[in-house]
Structure formats: structure tokens, C-alpha cells
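Dear colleague,

Please find below the structure that I am handing over to you. My notes on it follow.

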Amino acid sequence: MYYGIDLGGTKIEGVVLHSLSPETIVVRQRIPTEASGGYQHILTRIANLIRHLEVDAGHQASVVGIGTPGTLDPATGTLKNSNTLCLNGKPLVKDLEDILGIPVMIANDANCFALAETQMGVVAHQYPEARVVFGVIMGTGVGGGIVVNGKGLHGHHGIAGEWGHMWLDDEGEDCYCGRHGCVETILSGPALSRYYTRLTGMDLPLETILERKDPAAAQVKQRLLHFFGKSLAQVINLLDPDVIVLGGGLSRIPWLYTEGRKIIAAHVFHPDFSTPVVPPELGDSAGVFGAALVSKNNFHSNIP
């Protein structure tokens, strides 16, 4: 069986699959992360969840795949770039292996999303010949993952696909990463909501803002379209993927696939932009399914 853990800032989700297919769930559980308890508390939460999964599945795990915010630094073996700040600088894999007594495979949560949609989701079902896939996360944060020939790309520094921390524009905000104007500071849901607040003084969730008809809401929509198109065009000019899959809460906005696509096309270095930009098939399950795929060591450091 295949064990996957999706470690988020607010929840930890675990799944056991009988085989690498979304139809073969043996057991699935969610618990609060309780990140305010600190690093050691999170380790305990993960270990307890895995033990509960083993009991409910009637099976002992031999390896566990974990999707995390941030990524493992190949040089130090410690986690970096996580917005769950207490994880940064910590040897998460080593510490969990010491607790569990089994191998632990780890990957960035956006890479897990891209891998799951490629092997088990929309790419597998609609674009099976795709060799290069770029998976986008646009929600509370912004991230990306790259899959090449069915395997996730980790990269020399472990940061392959980190689209959310490419510089986009000085109109962006200061970022938790220490830089200014990252994609995440412009295109994340909270950043767009804060932009509306600066225009109106009203604090509303993005979903509500995009339903409103006032001029400030129209500015938010245009801001999203403009920077969505410009930023994804740069990825396409560099990577030229066969498919782009959108994920996260903003992937449910229908006009990103129509109006947004036109903005991308205006900035791509090719007269005929034909890359499919598609919504996800696995929804909120992609992260934990991708983590189960990670347990197969479905990653490589360099493109073959």
C-alpha cells in the first residue's frame, strides 16, 4: 500500500492507497496541524496520524511520502522556504525517520499537485502524451511544480518550479521570503483582497470581491488578469510545457481560462499560443495523492 501525508499550515491529511489510483483509497484522515505548538509538536502530530492510518488500514507502512510547504535543501537536508516558519532549518526527514523507523520521502506541495494531476488526474486522462507539465497553485499562496516524463523535477537547489517567488512587479508587497514584488505578493488570494482593501477600505474575501460590480472590484479583476498573463507567459517562454494545470482556490475562476488565456498569449514568444491551460481534476485531493506518489521516489534532480 501507498502512504501519503499532505502537511499544511492548518491541517495534516493522510491517505492510504491500495494502488496508485484515486479509486483505491483504503483510509483517509485529516487532523489540525496545530502549528502554533512548534516544530516538535508537528512531528508528533504527523507520527500519530500515520499510526492511526496503519491501524485503520490493518497494514504497517514501509515508506511514507510527504508533501510540505517549502522544500528540502539537498545540501543540508533541512527544510527551507516554508511559510510554516517553524519548519525552516529543521531536518524534517531525518527526525521523522528517527520517530517512525521507516524511510520518508519528501516533496514540495506544489510538486505533489503537479505529479498527481499528471499521473492520476487531468493530464493522465486528457493529455496522456504530454512530456512536460507545469502545475500552478494559486490560493492562499502561489507555487508551481514541474513534471518531466512522468517524474517531478526537484532541481539542483530543490527549488524547481518555484514560480510564486519569481519577481513580478514592484507593485507587489513585501514577501515573507524577504524579497519584494514576488508573484505570490500580487496573485495570491489574500494579496488581491488586500489590494481591494487599499482601494476601498473594506476587508472582503476575494470570492466576494469578484462577485461585486463596483469599480474597485473591476480593478482587482483586471489586476489578476494582467499579472496572471504576464507571469505565466514567462514560464512558458522558459519551459514551454505541453500542459499547464491550474490548482488552488483561484483555479475555480472560469474567466482565467478564457480572458486570462488571451493575456498569456499576448506575452508568449510565439504567434500561435496553443498550450492547454486546464482546471484540475483531483481538487483538494491532489496534494495527498501526490504525496503517495512521492513514496515511489517519483522525482529526479535533472531533466533526462
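The charged end of Lys90 lies over the ring of Tyr39, 5.5 Å from its centre. Arg223 likewise places its charged end over the ring of Tyr195, 4.1 Å from its centre. For this, NZ of Lys or CZ of Arg must be within 6 Å of the ring centre and within 35 degrees of the ring normal.

Please note that this is a predicted model, in which local features need pLDDT of at least 70 and side-chain atom pairs count only at pLDDT 80 or more, while totals for chains, interfaces and linings use all residues. Residues are numbered from 1 along each chain as its sequence is written, and side-chain values use heavy atoms, with hydrogens and water left out.

There is 1 aromatic pair (rings of Phe, Tyr and Trp, the last by its six-membered ring, with centres within 6.5 Å; planes under 30 degrees apart are stacked, over 60 edge-to-face, the rest tilted). The ring centres of Phe134 and Trp163 are 6.4 Å apart and their planes stand at 90°, so the pair is edge-to-face. Phe134 belongs to strand β8 (residues 132-138) and Trp163 to the loop between β10 (151-153) and α5 (184-187), 29 residues apart. Helices (H or I, at least four residues) and strands (E, at least two) are DSSP runs, numbered from the N terminus. Both Phe134 and Trp163 are buried (under 20% relative accessible area with a 1.4 Å probe, protein chains only; over 50% is exposed, and partly exposed lies in between).

Trp163 is also among the residues that touch the most other members of the largest nonpolar core, which has 41 residues. Such a core is a set of buried Ala, Val, Leu, Ile, Met, Phe, Trp, Tyr and Cys residues joined through side-chain atoms within 4.5 Å. The largest share of this core, 11 residues, comes from α8.

The largest pocket has a volume of about 1,000 Å³ (the space filled by probe spheres set on grid points joined across faces, edges and corners). A pocket is an open set of points on a 1 Å grid over the protein atoms alone, where a 1.4 Å probe fits, with protein on both sides within 12 Å along at least five of seven lines; lining residues have an atom within 4 Å of a point. Its lining comprises 36 residues, with Asp109, Ile137, Thr140, Gly141 and Gly248 nearest the centre of the largest pocket.

Yours sincerely
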